[in-house]
Amino acid sequence: MDGAEEIARLFEADDIVKVRGTLEQYNGNSQLIVQRIRRCQDEEFDETDFCPISDRHPDEMLAELRSHVEGVGRQPLRSLLSGMLGAEDLVRALKVTPGAMRLHHAYRGGLLQHILSVLGLTSRLTEHYPRLDPDLLVAGAILHDIGKIEELTAARRLGYSTRGQLVGHVALRVAILERHLARLEDFPLVLKTLLQHLIVSHHGELENGALREPMVAEAVVLHALDELDARLEQVWRVIDQAPPGDEWTAYVPSLRRQIYCACTNTAAAQQEDGKEGMA
């Protein structure tokens, strides 16, 4: 297109554009000859076409999250969590924030899906270990990564906010907790301290970004379940991306290993066979 440099200055990064042109071959390669280009209007496209998205609807996930909060028995914790889920800006961000940039749940709504998965695990674990405090674990599951709503962005591609780059999600989640605690009168100091500890220790080890290592049973559990859910999401994603029929995935740098596909694919096939037999 003539005057390409001048035309390029009319657009900004992440603009969605509509292009008319022709596809031609040049030196054995395909090239697009642009004849017209313009910025799309909001009603002409769906944001989710340009950014990976959860396979669950955010409103459905949010309703499930609220049901967990309604089941919290300790009134100060229930008031804190209900107040947070009543904040429009927090809810709006929570519905689209990814769980991470690359490692796990890296799609719009991924954070909410990760939180719900950890909540599901905590409910099962408290049945097995009745000495655990279920209310504290529900709060920890919801709060442990809440700082990502300010750290990460999910407009048309996943990225870090300036505040996220400069401060990081551990500090951000403590700040978010403090803002919402400030709206409550006489919130127990011991309970506040435990919530802060769950947040700053959920990475487990100091070398992995924890400010403190887990020092209460619920913090040990939260770290383990957070790690389990994140790792399994990674494992299944790389298995799903492997070419059909391959026994092994490619080497995964974040996991520092390859993943064996065959047993997972066999288990899935057996589940499908079982469903057909029941039908």
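1. Basis. The model is predicted, with local features requiring pLDDT of at least 70 and side-chain atom pairs counted only at pLDDT 80 or more, while totals for chains, interfaces and linings use all residues. Residues are numbered from 1 along each chain as its sequence is written, and side-chain values use heavy atoms, with hydrogens and water left out.

2. Secondary structure. The protein contains 12 helices and four strands (DSSP runs numbered from the N terminus: helices H or I, at least four residues; strands E, at least two).

3. Of the 279 residues, 39% are buried (under 20% relative accessible area, 1.4 Å probe, protein chains only). Among contacts (heavy atoms within 4.5 Å) with a separation of 6 or more, 55% join residues 24 or more positions apart.

4. Nonpolar patch. Val-17, Val-19, Leu-23, Leu-32 and Ile-37 make up a nonpolar surface patch with about 420 Å² of accessible area together (Shrake-Rupley method, 1.4 Å probe, only the protein chains shown counting as cover). Patch residues have over 30% relative accessible area and no salt bridge, and nonpolar side chains are joined within 5 Å; a salt bridge places a side-chain nitrogen of Lys or Arg within 4 Å of a carboxyl oxygen of Asp or Glu. Strand S1 (17-26) and strand S2 (29-39) each supply at least two of the patch residues; S1 contributes the most, three, and Leu-32 lies in S2.

5. Largest pocket. The largest pocket holds about 670 Å³ of space (1 Å grid over the protein atoms alone; an open set of points with protein on both sides within 12 Å along at least five of seven lines, where a 1.4 Å probe fits; lining residues have an atom within 4 Å of a point). Its lining comprises 24 residues, of which Leu-103, His-104, His-203, Glu-227 and Ala-230 are the closest to the centre. Helix H7 (148-151) and helix H11 (217-241) each give two or more lining residues, and H11 gives the most, six.

Conventions:
Buried means under 20% relative accessible area, exposed over 50%, partly exposed in between (1.4 Å probe, protein chains only). Patches are made of residues with over 30% relative accessible area and no salt bridge: like charges are joined within 9 Å, nonpolar side chains (Val, Leu, Ile, Met, Phe, Trp, Tyr) within 5 Å. Grid points are joined across faces, edges and corners, and a volume is the space filled by probe spheres set on the points.
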